[in-house]
Every structure is written in C-alpha cells, then in structure tokens.
Amino acid sequence: MTSTLPDLTATPYDVEGVRRDFAILSREVNGRPLVYLDNASSTHKPRQVLDAERAFLEQHYSNVHRGVHTLSQEATDGYEQARTTVASFIGARHDDVVFTKNVTEAINLVAYSMGNAPAGSQFHLGAGDEICVTEMEHHSNLVPWQLLAQRTGATLRWLPLTDEGRLDLTELDAVVNERTKILAFTHQSNLLGTINPVDVLVRRAHAVGALVLLDAAQSVPHFPVDVTALGVDFLAFTGHKLVGPTGVGVLWGRGELLAEMPPFMGGGSMIEVVEMASSTYAPPPERFEAGTPVISQAIGLAAACDYLSAVGLDKIAAHEAALTARLLDGLRRIDGVRVIGPDTTEMRGSAVSFVIDGVHPHDVGQTLDEVGVAVRVGHHCAAPVCRRYAVPATARASSYLYNTPSEIDALLEGIEHVKRFWGAA
Amino acid sequence: MTEGSNESLYQEIILDHYRNPHHKGLRDPFDIEVHHVNPTCGDEVTVRVKVVDGQVQDVSYDGQGCSISQASTSVMTDLVIGRKIDDAMEKAEAFLTLMQSRGTLEPDEDVLEDGIAFAGVSRYPARVKCALLGWMAWKDATAQAVAHTAEEAS
Ligand SMILES: Cc1ncc(COP(=O)(O)O)c(C=O)c1O
C-alpha cells in the first residue's frame, strides 16, 4: 500500500509513465509487441493494485466483522476503508456502497430484492407492472429483468435503437409510463460505445415514479461519474474493467432505498437477530453482503480507484477520446470496413465495433492476433444489438488509459493485413 | 507476421473449402432439418439429412459463420454423403477426437481426407467449437432421421 502513484502533474498525459506500471504491456504475442485493445472486456492491473492486495494479505489479512483479535480488526478497518475510497470515487456515502462479486451480481441483487418485496412495498412488482430496459443492454442488464418479469408476472419493455446506434427516444413517454417500476439501462454501451443521455431518462422515469438503475460498467472506468449529479437510484459497476481485480463489483444505492429493500441472499453477516423460525436483518450495506465478502479484492479495487484518481479521470477521458477519434478516422479511410455504432466521438466512448466485408469477425480477431493485436470478437454479450444491426458478430477494439496512438495505428495496419490475407475488397 | 504460424490454423485446404464450399444450399428431399448455433460467436448452420437404407443419401446445409465453421461443414459433407451411416458416424468420431487432441494427434488422411487440415485448429480451443458446429448438427439430424425412419417403418 506504500507504492507511489504516478506523478502526472508535470505533463499533460504521460502514457509511457502509465504503461510502466503495467508489466504485462511489455510482453510479446506471436513475436510482436502486445497491442491490448480488449479493455471493454477486462483491463490489466498496475503494480500498485497488485502491491496493495499483496501487502494487505501479507500483513493484515483475516476475516472481517467477526472477531476481536488484532488482525480481524485491521482487516475490518482495511475493508471498510476500501469501501470509503470506492464510495468517494463515485461521490457516494460509505454506507451506500455494497460490495458484490461483479456488476452482474449487483444487478441481480436489485432484481432479486425486488422480487422478494411484499405487496405494498415500493419495490413490489406484479401483473400490470412494467420493467423497462433498452435494446443495447449487456445480457447482464437484460436477463435478470427477464427473470424478474417471469417470476412476478410483470411485463418487460424496452427502448429501441436508431440506425446510428443511439437510443430511439421518440416513444420514451409511452414506453416509460405510470406502470413502469424500474428503468434499467447502460451508461455506455459495451458494443456500440454509445453514451446514453442519463438526464433525459432519469427525468422521465422519476416523473412517473419509476426507479432508475444505471449499469455503469463501461462508464465508471472511463470518465468521472458522480452518483448525486446523475440522479439515478442505483448504479452498478465491476472492478476488473477499472484496472482492479476480478471477483469484486459494486452496487451503489440511495441510502433511503437500500434501507427499505429486502435482502437478496441470506447468510452470515447480513443478520441482526436470528431465531430458529425467522430473522431480522442488518442495515445496509451489510444486509446485502451475506457470507464472507470479497475482502482482498475490495482492497485491490480501492487501490485501483486511487490509481485512476491519481492519473485523473478527466485526463483519461481526454486521452481515450483522442485515441477513439484516431481509430474512427482510420477506419473511415479503409474500404469495406463498417463501424457498428456512432462514428463520431460525440457522446461515445472508446469501445468501437466494426465489421469487414467478406471476413467473419472470428477470422478478423484470429488474424489480428497473429500480429499481436488483441481485440474481442463475437456478440459481446449483447446479442440483440447484433440482431438489430443485422450482423452475426463484430470485432471490437476498446482503448484505455495505457493505449497509445501507435497502437491504434498497429490495429489499422492489422486490418489492412486482414483484408489482404482474406482477399477482401 | 510469421506465415508458418498462421498457416497452422488457416491451411490452404480450409481456405479453399471456405471460398468454394461443397454441397452448400438447402435441398429436397430430406427427412430432418436441424439448426445449430454457437452461442459464443453467433455462428449458425442449418443442416438437412436424407437417409435411405442405412445410408446417408444427401446432406445439404446453409449457414453463416467464420472460415473454420464453414469449411469444416463443407468437408463434413464430402466425408459423409453416400456412406453407410455407421461409417459416417465413425468419421465424425475421428474428427471429434482430432479436435480434442490439442495438437497432439497425427490425423489419418485415409479416414479424414481434407479433414486433416483441421489438425491445427485443435491447438486453438476457442475455435474447436467452430470446427465442430456442422458435424454436431449433422450427427443430431442423422440420429433423428434414423429414429424417424424406424418409426415410419414400424
Ligand atoms: C455494460 C456491461 N454490463 C455488464 C457487464 C458484465 O460485467 P461482469 O461480467 O463483470 O459482471 C459488462 C462487461 O462484460 C458490461 O460491459
């Protein structure tokens, strides 16, 4: 926990300094320097994160909230301090942050808690009620709501997409209406790169008394996010996409809502008084952290938040925007390449999906790997988006704080190589 | 790029079958039609099978997917059409074994013919499912067709 953070005050953005913190970036793949452009899927970890987790495990580790011995107290302090760090990273209060396994679990937590709510509760759903999502959701923010609708008899509705890869809000007032109990949508699409107008959606949802859950898996890592400014009711993200460890995610909820929400999982740590026939539950956040929580991963996540804060989220966002502009511009110049999603940097992030005429995305990804370029191929856990744009799959390049303009150029050269190899266009 | 490393996956035979697939296009008559998808990448294939007197009389297909899945399906049709069902199933087993070999098996050209070009694919676990898509669909359709004809006969 004593590792120094990068000093980036001297230069506008010292990408080489950042890269030195990520050992893996200097390895080779197939005899070429690794060009890692699969950050929307998962990101690498800087030594500061690895050091923090290791130092905690070597010096302070024990179970938390369960003992009086010194290590138990130190581990509990470390864990709760991590919660404070993560909370302030998104402008939240300590008690309103729940650690989960990942964003998928965070979303399921809300969906299952709603399913457990008794009639009369503001979380209760039944026949006649509606759940609203969008057509650009990751399966993690779609399937839990399908399941909730099936369990409760509520109806699932969704906002469609425009040909440009944006939300089509022309029917917003009809789709989000007095029957809507919750509107769950992504801040930034992992496939299209689109950043959604949170304010417009929150205004409509709150006007009809619906709750709003924001899937921030692709936004919290990339630009400053403040839960109060956004005005949403729940926000969820995942540690491994923000230079943190796997196995830890976050659910933030408005304090007064979490206080009213029934538990999702039962077990140790989430209780108050346990009788043989029934129990009462701890206040949040413990109520939603049944069992031994993700302890060292939470420490690592806090170190990741500190790392990103030291680099500066606004600097990261500007750096990514420049890389995205370079990529979009380069793709536009290559015949036979089509971007699936907005083709300007306006209200879009760094995830850029594309298809090459006549070459299947799987073959694109494999051929790029031959020259050391790592992109993701497939439907990116957003199959309905592929269907909407009539492509079986896409290749997706997504840059992050440690990528460089020359890596974007390597990808663009790689795409030319793919076209030559497959004899396309 | 090192040509050798890429060739180990994208053999010329595979590229040939991909660009000029054999027996492609859905045909009549058929007993059973199945549709299989690879959920991780969205590849899909529709396979029709006609069996007569314990023999694979025709296999036709349509699909979309990567070079490996499409070429493998094309090779599969070459290997099974006109063969006794038992012999064809043996070839399917041989191909499956090759795919599960992680590059450790020397394939038998007498059994697998053009299918030996896929030996390299077995070293890429992410692509093995692609190579098996058409084969699995064919096995499924053939098993159903056998059951179906047995039912009709009884
Ligand atoms: C927008 C979005 N939501 C949810 C997820 C799921 O993340 P996880 O698998 O960490 O739960 C992802 C990433 O895969 C994502 O991009």
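A salt bridge is here a side-chain nitrogen of Lys or Arg within 4 Å of a carboxyl oxygen of Asp or Glu. The model on screen is predicted, so that local features need pLDDT of at least 70 and side-chain atom pairs count only at pLDDT 80 or more, while totals for chains, interfaces and linings use all residues. Residues are numbered from 1 along each chain as its sequence is written, chains are lettered from A in the order in which they are written, and side-chain values use heavy atoms, with hydrogens and water left out.

**The interface**

Select A:Asp363 and B:Arg127, whose side chains meet in a salt bridge at 3.0 Å, N to O; between chain A and chain B the count is 1 salt bridge. Next, show the 16 residues of chain A and the 22 residues of chain B that take part in the contact, where contact means heavy atoms within 4.5 Å. The two chains bury about 1,600 Å² between them, 51% of it on carbon and sulfur atoms; buried area is the accessible area (1.4 Å probe) that two parts lose on being put together, summed over both.

On the side of chain A that touches chain B, colour helix H12 (361-370) and helix H14 (405-422), the elements that give two or more residues to it; helices (H or I, at least four residues) and strands (E, at least two) are DSSP runs, numbered from the N terminus. The largest share, 5 residues, comes from H12(A).

**A helix pair in chain A**

Move to helix H2 (residues 47-59) and helix H10 (residues 295-311) of chain A, which pack at an angle of about 145° with their axes 8 Å apart; axes are lines fitted to C-alpha atoms, for helices over the stretch in contact, and angles run from 0 to 180 degrees between N-to-C directions. Among the residues that meet here are A:Phe56 and A:Leu57 in H2(A) and A:Ala303 and A:Tyr307 in H10(A).

Select A:Arg396 and A:Asp38, which form a salt bridge with the closest N and O atoms 3.6 Å apart. This pair links distant parts of the chain, 358 residues apart, with A:Arg396 in strand S17 (residues 394-398) and A:Asp38 in the loop between strand S3 (35-36) and H2 of chain A.

**Backbone stops**

A cis peptide bond joins A:Pro284 and A:Pro285, with omega about 0°, and A:Pro285 is in the loop between strand S12 (279-281) and H10 of chain A. In chain B, a cis peptide bond joins B:Asp28 and B:Pro29, with omega about -5°. Finish at B:Asp53, which has a positive phi of about 50° although it is not a glycine.
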